[in-house]
Amino acid sequence: MAIRKLRVEGDSMLRKKSREVEKIDGRLLELLNDMLETMYENDGVGLAAVQVGILRRIVVINIGEGPIKLINPVIVEKTGSQIFTEGCLSVPDKNGDVERPEKVVVKYMDENGENQTVAGEGLMAVCLSHELDHLNGILFIDKVIEEDINE
Ligand code: ZN
C-alpha cells in the first residue's frame, strides 16, 4: 500500500468527469487500498479516485463504522434535506454549509464484483453525496449556501 498525492483545488483534473470501471483487476484493488490509506493519513472520511489523479468512478468512505469501497456508485433514491458544514481534502482550509439529502440510497459494485446497496442517513448521506459529486467534477464549494446576514 502507498499514500498517494492529493490533488487540490485549482487542479483542472478535479473538474473532469470520471469514467466507469469496466474490469476489477489487481491494479484497481491496489488503488482502493491506497485510497483508504491516503484518506486515513489525511484524517478524511471519504475520498474519490479523482482526488488522487485517477479518473475512475471509485469512492472510499469510513465515517467510523468501517471502510466501504464503492465502484461505479449511483444514487438511486434521495429523501429529505439537511444542512451540514463540509470540508474536503482537496479544498484545504475551507469549510461551508451545504444542503444535502437527509437520506440517500446508493447502488454500487464491491471489490468482488458483487452488486451492493447502501442506505446512508445524516453524515453518511452527506459523505456519499459529496464523494459522488467528485465523480462528476463537482466540489462542495460550488454548493455552499451564502451566509444570511442578520440585521
Ligand atoms: Zn471532497
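How many bridges pair strand β6 with strand β7, and in which sense, parallel or antiparallel? Select residues 103-109 for β6 and residues 115-121 for β7. The two strands pair in the antiparallel sense, over seven bridges. Keep in mind that this is a predicted model.

Stay on this pair and pick Val 104. Its bridge partner in β7 is Gly 120. Next, go to the hairpin of β6 and β7, where five residues lie between the strands. Select Gly 113 there: this glycine takes a positive phi near 85°.

Now move to another antiparallel pair. Select residues 82-88 for β4 and residues 91-100 for β5; six bridges join these strands. The hairpin from β4 to β5 passes through two residues. Click on Cys 88 and look across to β5, where Val 91 is its bridge partner.

Keep Cys 88 selected and show the zinc ion. Which atoms coordinate the zinc ion? They are SG of Cys 88, NE2 of His 130 and NE2 of His 134, at 2.0 to 2.3 Å. Along the sequence, the donor residues follow the spacing C-x41-H-x3-H.

Last stop: color by accessibility. Are His 130 and His 134 buried or exposed? The cut-off for buried is under 20% relative accessible area. His 130 has 6%, so His 130 is buried. His 134 has 1% relative accessibility, so His 134 counts as buried too.

How values were computed
Residues numbered from 1 in each chain as written. Predicted model: local features only at pLDDT ≥ 70, side-chain atom pairs only at ≥ 80, totals over all residues. Heavy atoms only, no water. Pairing = 2+ DSSP bridges. Helix = DSSP H or I, 4+ residues; strand = E, 2+ residues; numbered from the N terminus. Donors = N, O, S within 2.8 Å, 3.2 Å for Na, K, Ca; no water. Buried < 20%, exposed > 50% of the residue type's maximum accessible area, 1.4 Å probe, protein only.
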